[in-house]
Amino acid sequence: MKITKDLYKGSLALLTDFYQLTMAYAYWKSGKAEQEAVFNLFFRKHPFQGGFTIAAGLDYIVDYCKNFQFSEEDLTYLASMKGKDGQILFESGFLDYLREMKFTCDIDAVEEGTVVFPNTPLVRVKGPLIQCQLLETPLLNIINFQSLIATKAARINLAAQGEPVLEFGLRRAQGIDGGLAASRAAYIGGCASTSNVMAGKLFGIPVSGTHAHSWIMSFETEFEAFEAYADAFPDQSIFLVDTYDTVNGIKNAIKVGNALRSKGKEMVGIRIDSGDLAYFSNVAREMLDEAGFPDAKIVASNDLDENIITSLKGQEASINVWGVGTKLVTAFDQPALGGVYKLSAIRDENGTWVPKVKLSQQSLKINIPGLHTVKRFFSKGKAVADMIYLEDQELNPQAALIIDPNDPTRRKRMMPAFYQEEVLLKPIFNKGKLVYELPTIAQIREKVQSQLESLDKTHKRLVNPHLYPIGLEENLHQLRMELVLKAKQTDNGDES
């Protein structure tokens with residue numbers, strides 16, 4: 001099912017950092033606005049101390065870029081801005097330029113649901129310098145958050161070992177858009193459903209939910225509450241059993257389950273939201289089995305994440321379904337992915353691409369120069385390494401040497417005859433025109449699963465995962481080193 005949507009009905013051109021606009025004005029003022037440039041969006045470290053990251057948010061980027069324009073209200077606001085000297089900040093000519101500006105960039109990106117690694121470009125933007133610059137903040141805002149949540153969801157689902165994970169974190173999410181984006185990313189990452197009804201409507205995500213403690217408390221007795229709920233939803237009754245006493249709650253659920261069965265219906269299960277989940281789930285399983293309900297599901301919730309689920313699995317808890325909220329949609333243990341967006345090349349007046357490098361005292365923060373892309377090598381269906389290389393560079397057909405960008409002593413020789421290859425950056429926009437057919441959210445979710453299956457299990461460990469090989473092709477490595485040495489000879493570098 002493909003959902004047609006318009007998430008952003010008004011202009012979002014001002015959803016940016018102020019310095020993007022001051023730079024844009026300075027580009028225009030200095031005559032550089034139309035100079036062609038290349039920027040890359042990437043991250044430097046996996047979130048959650050993990051071994052992989054899930055790329056997410058491309059659908060939002062497409063939506064944003066298709067509607068990228070400055071409205072008259074935007075321009076009126078910019079025209080009202082004044083500098084410290086009390087004078088108008090932006091000249092009317094610049095505002096006229098923004099009024100007429102149309103999105104004309106090329107965008108290449110890894111597909112949503114792709115497993116990605118540090119330093120490899122997730123999005124590459126090529127086009128007029130001013131447009132590339134103005135896209136920085138919104139692209140980072142979109143990719144950083146959704147990739148973070150999709151990765152968290154994938155980790156939680158790995159911990160659940162194939163059992164359904166239900167996302168219901170809307171009430172704890174970071175605002176309205178944070179809630180929507182989190183529900184979308186969580187489903188991509190592997191969650192079976194969401195409690196977020198608007199996300200269900202906008203994105204076509206299955207929605208699910210039962211009832212709260214307030215439902216039970218609104219009746220004289222817990223039994224009456226279960227009975228009334230079963231009358232309203234005879235085919236999907238899951239009873240929350242821990243409002244008063246968990247064991248008595250299970251007994252009441254069994255009584256109502258028997259009443260449902262006499263009418264030809266079947267109780268779906270129970271939910272436990274507090275207390276010792278391992279102990280009470282095992283008690284519940286024994287009671288349900290003895291009462292003739294071996295297929296009744298036991299749903300657990302209460303601030304779960306991949307670590308708690310792993311612990312409960314180790315305790316042999318009798319839990320079939322996992323309800324996860326706060327720690328998923330807020331990425332509780334890591335609030336940001338930390339993606340960055342760096343200029344890597346600029347075209348000079350002769351039409352030649354000039355690679356650019358940013359210096360830093362930390363090798364981790366020295367960007368990768370040039371017009372580059374990334375290729376993944378596979379052996380027997382398993383991903384074995386990623387190579388970052390210059391797009392216009394002729395590669396050695398016999399073997400490619402890849403060198404870790406942060407540790408040049410880490411090297412790996414890739415022999416094309418022994419591997420299958422895939423270029424990960426796909427064309428999304430060509431000169432501002434959408435050339436990519438967006439997959440459905442279900443297809444993206446399926447891609448995540450196939451991508452995770454392509455990883456060796458050592459890279460998917462939740463604790464101390466094995467390092468996946470990523471490297472610069474040796475020509476790119478050499479170019480980077482030459483640029484760094486040259487820059488250091490003329491400038492000491494200023495980290496930012």
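Modeller: Happy to. Let's begin with a pair of side chains: Glu-111 and Lys-447 meet in a salt bridge at 3.5 Å, N to O. A salt bridge here is a side-chain nitrogen of Lys or Arg within 4 Å of a carboxyl oxygen of Asp or Glu.

Colleague: Where in the chain do Glu-111 and Lys-447 sit?

Modeller: They are 336 residues apart, so to speak in distant parts of the chain. Glu-111 is in the loop between strand E3 (106-109) and strand E4 (115-116), and Lys-447 is in helix H15 (residues 441-453). Helices (H or I, at least four residues) and strands (E, at least two) are DSSP runs, numbered from the N terminus.

Colleague: Is Lys-447 buried, partly exposed or exposed?

Modeller: Lys-447 counts as partly exposed, at 22% relative accessibility. Buried means under 20% relative accessible area, exposed means over 50%, and partly exposed is in between, with a 1.4 Å probe and protein chains only.

Colleague: Before we go on, what kind of model is this?

Modeller: It is a predicted model, where local features need pLDDT of at least 70 and side-chain atom pairs count only at pLDDT 80 or more, while totals for chains, interfaces and linings use all residues. Residues are numbered from 1 along each chain as its sequence is written, and side-chain values use heavy atoms, with hydrogens and water left out.

Colleague: Thanks. How many salt bridges does the structure hold?

Modeller: There are 21 salt bridges. One of them joins Arg-376 and Asp-386 at 2.7 Å, N to O. Arg-376 lies in strand E14 (residues 372-379) and Asp-386 in strand E15 (residues 382-390), so this bridge ties together parts that are 10 residues apart in sequence.

Colleague: Are those two buried or exposed?

Modeller: Buried: Arg-376 has a relative accessible area of 2%, and Asp-386 has 1%. Elsewhere, salt bridges that share partners join Lys-152, Arg-155, Glu-306 and Asp-333 into one network.

Colleague: And what about Arg-261 and Glu-266?

Modeller: Their side chains meet in a salt bridge too, at 2.4 Å, N to O. Arg-261 is partly exposed at 33%, and Glu-266 is partly exposed at 39%.

Colleague: Switching topic: which residues has UniProt put into domains?

Modeller: The UniProt record, an unreviewed entry, lists "domain: Nicotinate phosphoribosyltransferase N-terminal" for residues 14-144. That span is 41% helix and 16% strand, and its end C-alpha atoms lie 19 Å apart. UniProt also lists "domain: Nicotinate/nicotinamide phosphoribosyltransferase", again from an unreviewed entry, for residues 189-347. Here the chain is 42% helix and 16% strand, with the end C-alpha atoms 38 Å apart. UniProt positions are given in the numbering used here, feature names are shortened, and annotations may be inferred rather than shown by experiment.

Colleague: Nice. Where is Leu-438?

Modeller: Leu-438 is in the loop between strand E20 (433-434) and H15, and it is buried, with a relative accessible area of 18%. The C-alpha atoms of Leu-438 and Leu-58 are separated by 8.9 Å, although these residues are 380 residues apart along the chain.

Colleague: Last one, the big picture: how many helices and strands are there?

Modeller: The protein has 16 helices and 21 strands. Its C-alpha trace spans about 85 × 60 × 40 Å along the principal axes, and 53% of the 496 residues count as buried.
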